[in-house]
Amino acid sequence: MSVSVLRTADAWWVSTPSGAVRVDTAAATTAALLADRAAIDAAAREAGDPVPVRELDLLSPVTAPCRVVAQMTNFASHVRDSGGDPETVPLTFFRKSSGSISGPHDDVVRPAHVGLLDYEVEIGLVFGRAMPVGSRLTAESLAEYVAGLVITNDVSARDVQLPKTQFYEAKSYPTFTPVGPALVLLDAGELKRFTDLRLRLWVNGEVRQDMTVADMIYLPLETLRALTRFQRMDAGDLLLTGTPVGTAISAPPRPVTMLAALLPPNIKWRLFFRGQAKNPKYLRDGDVMEAAIATDDGALDLGRQRTVVRYA
């Protein structure tokens, strides 16, 4: 049965039907908490005095520093919207700084030099044990490595990302990875329902993204088998698994793309960003983003994240 773990500045909590129960642990990091499973289970049995969850000032349940790895264009709908072919898209990774991790209700702060701020709701896999390079994963052992799931928002500065043709800076500014509210710990049987999860994101109440994991190209087992060829992951590390269609950025029509390829890079990007600046879907000062991930029947529910965009 899933267990939803919450974090505040001074404690870890388990969300129960009666409220949040404090976990009796000295753990200061996500990795240390996951090693103290007995304390988590005791709190899940409501071995303590519950308090209303709404009274807690929640932080990210994934603590920094840690490794943050992310997958590129891993939903078929997003690949098509970007002008690609889902049948040929490779399994590709990039890194984000863990300094970008923020809480589920913290403001997302746009740096002053960024003009095109975008959103990407994603499922985060949180590791429960070390996965050294060369680890052999099977469908049966997957749950031994993936302890649980979190809501993440892979906030992106598109006008930094695209001209530099690299993702690290554009996705690593402070507050560019809101995480939580809960770290939902799953058993092996529950992890099999991964493809039933639905990702949704709203901006100012308008639905922007709404898609199930059935649209995902590379599922966790295939992803981790590829990742372990070159990247070690440890307990408490985070893997973002891609976002569906509905982000602000969209590929221009193919004829426009072909013509732009003939232009010098500085002119091409100037024209592209001039057009993108007219797109009202990019995030503005004061915009409210909400994200939710759950199965349609509510059996698995990662909670709801709410963040407000602020301009530096």
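User: What covers the buried residues of α2?
Analyst: Two terms come first: buried means under 20% relative accessible area, exposed over 50% and partly exposed in between (1.4 Å probe, protein chains only), while contact means heavy atoms within 4.5 Å. Helices (H or I, at least four residues) and strands (E, at least two) are DSSP runs, numbered from the N terminus. For α2, the cover of its buried residues includes β1, β2, β3, α1 (30-35) and β13.

User: Which pLDDT do local features need in this predicted model?
Analyst: Residues are numbered from 1 along each chain as its sequence is written, and side-chain values use heavy atoms, without hydrogens and water. The model is predicted: totals for chains, interfaces and linings use all residues, side-chain atom pairs count only at pLDDT 80 or more, and local features need a pLDDT of at least 70.

User: Within what arc do the buried residues of α2 fall?
Analyst: The residues concerned are A39, I40 and A43, which are buried in α2. An α-helix has 3.6 residues a turn, so residues three or four places apart point the same way. The arc is that of the directions from the helix axis to the C-beta atoms. Seen down the axis of α2, the buried residues line one face of the helix, because they fall within an arc of 100°.

User: Which are the edge strands of the open sheet?
Analyst: Two strands pair if DSSP finds at least two bridges between them. Nine strands build this open sheet, with mixed pairing and the order β3-β2-β1-β13-β10-β9-β16-β4-β5. Each edge strand pairs on one side only, and the edges are β3 (19-22) and β5 (93-96).

User: What angle does the direction of α2 make with that of β2?
Analyst: Axes are lines fitted to C-alpha atoms, for helices over the stretch in contact, and angles run from 0 to 180 degrees between N-to-C directions. Neighbouring strands of the sheet are turned by 30° against each other on average, direction ignored. Helix α2 (residues 37-44) packs on this sheet, where it touches β1 (3-7), β2 (12-16), β3 and β13 (183-185), and its direction makes with that of β2 an angle of about 40°.

User: Which residue stands opposite S15 in β3?
Analyst: Strands β2 and β3 run antiparallel and are joined by four bridges. A hairpin of two residues leads from β2 to β3. Across this pair, S15 faces A20.

User: Is D118 buried or exposed?
Analyst: D118 belongs to strand β8 (residues 117-118). Beyond its neighbours within four places in sequence, D118 has contacts that include D154, V155, S156, Y282 and L283. With a relative accessible area of 0%, D118 is buried.

User: What is the length of the polar contact between the side chains of D118 and R158?
Analyst: A polar contact is a pair of N or O atoms within 3.5 Å; within protein, one must be able to donate a hydrogen and the other to accept it, and residues adjacent in sequence count only if both atoms are side-chain atoms. The side chain of D118 also has a polar atom 2.9 Å from the backbone nitrogen of A248. For the side chains of D118 and R158, the polar contact is 2.9 Å.

User: What is the radius of gyration of the protein?
Analyst: The protein has nine helices and 18 strands. The radius is taken over C-alpha atoms, and the globule rule is 2.2 Å times the number of residues to the power 0.38. That rule gives 20 Å for 312 residues, and the protein is as compact as a globular protein of that length because its radius of gyration is close to this, at 20 Å.
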